[in-house]
Amino acid sequence: MTRQLISSGSAFEEVAGYSRAVAQGPWVFVSGTSGYDNGQISDDVAEQARQALATIAKALAEAGASLKDVVRVRAFVTEPGFFERIAPVLGEAFRGVRPANTTVVTGLVDPKMKVEIEVTAFKA
């Protein structure tokens with residue numbers, strides 16, 4: 001089984017030695033993804049979630065998958081109240097798929113980041 005390493009071009013990937021996503025066989029594992037886009041990040045947590053999902057969707061597409069193939073979502077938010085703000089965004093992306101989901105309140109590595117999302121997909 002060939003392992004496909006997918007990069008989004010983020011400088012963090014090179015520094016920390018990781019891939020945006022790894023595809024192996026029917027599985028695609030997408031690393032925790034923030035709302036950064038070309039070095040910019042919105043102050044709005046819902047917009048950060050939308051941008052994170054857009055970046056995730058691009059990585060999945062490169063692996064031959066899509067958001068419809070997601071079987072597991074993990075969202076990390078910096079404040080409990082942020083779940084209410086990102087839940088509709090996750091619902092837009094996954095309502096028809098209904099993957100398993102865990103949301104955790106925690107600190108993130110950059111104070112501008114309010115949400116980070118990772119997913120696992122299975123290409124049937």
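This is a predicted model: local features need pLDDT of at least 70, side-chain atom pairs count only at pLDDT 80 or more; totals for chains, interfaces and linings use all residues.
**Stop 1: the largest pocket.** Start by selecting Ser8, Ser10, Arg20, Tyr36 and Thr55. Of the 25 residues that line the largest pocket, these are the closest to its centre. The pocket has a volume of about 650 Å³.

Next, colour strand β3 (27-33) and helix α2 (45-62), the elements that give two or more residues to this lining. Helix α2 gives the most, with 6 residues. If you colour the lining of the largest pocket by class, expect 9 nonpolar, 10 polar and 6 charged residues.

**Stop 2: Gln51.** Stay on helix α2 and select Gln51, which lies in that helix. Is Gln51 buried or exposed? Its relative accessible area is 17%, under the 20% limit, so Gln51 counts as buried. Now show Ser34, Gly35, Tyr36 and Asp37. Gln51 is in contact with these four, leaving aside its neighbours within four places in sequence. One of them, Tyr36, was already selected at the first stop, among the residues closest to the centre of the largest pocket.

**Stop 3: the second largest pocket.** Move to the second largest pocket, with a volume of about 170 Å³. Select Val73, Phe83, Ala87, Leu90, Gly91, Phe94, Arg95, Arg98, Pro99 and Asn101 to see its lining. Which helix gives the most to this lining? Helix α3 (residues 82-94) does, with 5 residues. By class, the lining of the second largest pocket divides into 6 nonpolar, 2 polar and 2 charged residues.

How values were computed:
Residues are numbered from 1 along each chain as its sequence is written. Side-chain values use heavy atoms; hydrogens and water are left out. On a 1 Å grid over the protein atoms alone, a cavity is a set of points where a 1.4 Å probe fits but cannot get out, and a pocket is an open set with protein on both sides within 12 Å along at least five of seven lines; lining residues have an atom within 4 Å of a point. Grid points are joined across faces, edges and corners, and a volume is the space filled by probe spheres set on the points. Helices (H or I, at least four residues) and strands (E, at least two) are DSSP runs, numbered from the N terminus. Ala, Val, Leu, Ile, Met, Phe, Trp, Tyr, Cys and Pro count as nonpolar, Asp, Glu, Lys and Arg as charged, and the others, Gly among them, as polar. Buried means under 20% relative accessible area, exposed over 50%, partly exposed in between (1.4 Å probe, protein chains only). Contact means heavy atoms within 4.5 Å.
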